[in-house]
Protein chains: 2
Amino acid sequence: MYLKKPYVLFVGDIEDDLAAKVAHGIADWRPNDCVGQIRLPECKATLELPELTIESAIEKGAKTLVVGVANRGGGISQTWYETLIMAASHGLDIASGLHQLLSTVPNLSIVAEKNDVLLYEARIPNPPFPIANAKPRSGRRLLTVGTDCSAGKMYTALAIEKAMLARDLSVDFRATGQTGILINGNGVPIDAVVADFMSGAIEELCPANDSKHWDIIEGQGSLFHPSFAGVSLGLLHGAQATDLILCHEPTRVHMRGLPDFSLPSIEKCIAANLSAAKLVNPDVRFAGIALNTVALNNQDTMKIINELSQEFGLITFDPLKHEMNDLIDFLLSG
Amino acid sequence: MYLKKPYVLFVGDIEDDLAAKVAHGIADWRPNDCVGQIRLPECKATLELPELTIESAIEKGAKTLVVGVANRGGGISQTWYETLIMAASHGLDIASGLHQLLSTVPNLSIVAEKNDVLLYEARIPNPPFPIANAKPRSGRRLLTVGTDCSAGKMYTALAIEKAMLARDLSVDFRATGQTGILINGNGVPIDAVVADFMSGAIEELCPANDSKHWDIIEGQGSLFHPSFAGVSLGLLHGAQATDLILCHEPTRVHMRGLPDFSLPSIEKCIAANLSAAKLVNPDVRFAGIALNTVALNNQDTMKIINELSQEFGLITFDPLKHEMNDLIDFLLSG
């Protein structure tokens, strides 16, 4: 199931652009899917999109209002209720990745049902999922894996999809987290799937395809993050990747949320992912290292890129700073 | 939460002893917890327990009726309804690990509520569970891991618990699957937990304890079973094991349910489990290899035990055939 497009992005009255992470993600990666934004008067987020109302959004063709907010706590502010009710009563589907469910907004479910409107919760999977069968599948599947959580796996996958689309390749981004799902309009929130079905849900997300088709799959967590490694492994086995990209944030001093856990070495992380991935595809390979160098200056960025590319013989890049033709050429050569 | 003991075991009208797996498990491992069995006239299962009715079971002190059946499809036969309703109306809690829920039996929920009776579904976890924090915990924790699913992980754990109890050690079996949960009267059905909380649920199941206390944790699946390896890894990280036992069925020709997947070598399986377990406890070690030799004669059993114990320098045994004093001595020495 895909969300109906185009979207209008709702950012409420949030205090800064960080809280508008989802809206910025959609505006960055799917600009043609957005007719504009709806902001409440107090809003401090600054998206470069036309300012709309529910009525003008519908006039411009909007089919879904996406709550573009990822705030602390994941709550739905009471100040948003009026806009959400109005969207539903005007026939707009509503999509949200917040922790608090849309169905908890007073009357919203009733208004939605009356107007045949979908309330889409990006955090809630849609079972049933199959148990993974691990049968070999045709098609190319690239999975982004990480040394840690929040190392750039979603952005790297989206950037590779964009670079492949620019070369007219047959490609789909496959989302596995709520932000990616809202950007893409579909996907599986893998961390919310019942444990037994993790790999099966991913097999269903990226099924057998034409031999020249690329699925670019958003990874989650890290095999070295002790809170979430089981999810990362279930995803890795379900993906049956042909190609892996390692995502790494070079200034990170410890595993996210765990001050006593240091990051694995790049070498160890590559070896562990390759070993686990070979269980379902003996021919899988690493195609590159994607660095999140937002905290580095240009000189330090080039230094670490030179070091890592020499040490591992892999194309090393920052997907937000560098063009990726070398990587795409390498992927196509495999 | 523990089920109220003692139990009366209900085996309905099942066709053979294989379908009475849960009842046999309870009768084998918790004989003092069973006042007897209730069978319908057509029943072909043969438990060596007193034949009771609901009334006589209650007279003998029964507090919970456990559905001791693990049949194909996991259904509740209509022929059982009368007994289940009568149990609830007489104030017996009812516990089941079947796929079909007790709440689907007509009127059973109503009768249970009226009589303040618990309907316990061993397949359904009881959230909320925490996200794993991987903080070092005191106490000893032994986890059984496997080359494959159904390789004897539950029986090995129960046999080690029994051998430790015989030596007056402080020990708890920690169940992670529905049969183990019904045998033990509590536990977490880890394959049914939401992916993000797998390791956290296990941390909660076997918390920090006295330095001489042993938790013997039932493993699930295998790091080499592509359908379920993510569950096995989540369990492994949550367990923060001090000691591991590898469980193996030497006549198995392929991974359970996957004819195209051969079993990993013992060497590879030990290395992968050790490497992953060290993430949360660098001092973890393998303490032994538990073989399920039910399909081997005595000569072949001794041959493979000699071979493996020499090759890996680990105590190698069949927990159902051999006494385990050497293993317990080794565990206590660590």
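Ala95(B) stands opposite Tyr120(B) in strand S5(B). This is a predicted model, where local features need pLDDT of at least 70, side-chain atom pairs count only at pLDDT 80 or more, and totals for chains, interfaces and linings use all residues. Residues are numbered from 1 along each chain as its sequence is written, while chains are lettered from A and ligands numbered from 1 in the order in which they are written.

Let's stay with that pair of strands. Strand S4 (residues 93-96) of chain B pairs with S5(B) in the parallel sense, over three bridges. Helices (H or I, at least four residues) and strands (E, at least two) are DSSP runs, numbered from the N terminus, and two strands pair if DSSP finds at least two bridges between them. Strands of a sheet pair through backbone hydrogen bonds, either parallel or antiparallel.

Zooming out, chain B has an open sheet of five strands in the order S2-S1-S3-S4-S5, with parallel pairing. S2 and strand S5 (119-121) of chain B sit at the edges with a single partner strand each, so one side of each is left without a neighbour in the sheet. From one strand to the next, the twist averages 25 degrees.

The angles below run from 0 to 180 degrees between N-to-C directions, with axes being lines fitted to C-alpha atoms, for helices over the stretch in contact. Contact is when the C-beta atoms of two residues, placed from the backbone, lie within 7 Å.

| Helix | Strands touched or crossed | Angle |
|---|---|---|
| H1(B), residues 21-29 | S1, S2 and S3 of chain B | about 150 degrees with S1(B) |

In H1(B), the buried residues include Val22(B), His24(B) and Ile26(B). Buried takes 20 or more other C-beta atoms within 10 Å of the residue's own, exposed 12 or fewer, and partly exposed is in between, with C-beta atoms placed from the backbone. Their cover includes strands S1 (7-12), S2 (34-39) and S3 (64-67) plus helix H6 (178-184), in chain B.

Now the dimer. Chain A superposes on chain B by a rotation of 180 degrees with 0.0 Å of shift along its axis (RMSD 0.0 Å). The two copies are thus related as by a two-fold rotation axis.

Across the interface, 26 residues of chain A are in contact with 26 residues of chain B. On the chain A side, H8(A) gives the most, with six residues. 100% of chain A's interface residues are also interface residues in chain B, so the copies meet through the same surface.

Terms used. Least-squares fit on C-alpha atoms with pLDDT ≥ 70 in both.
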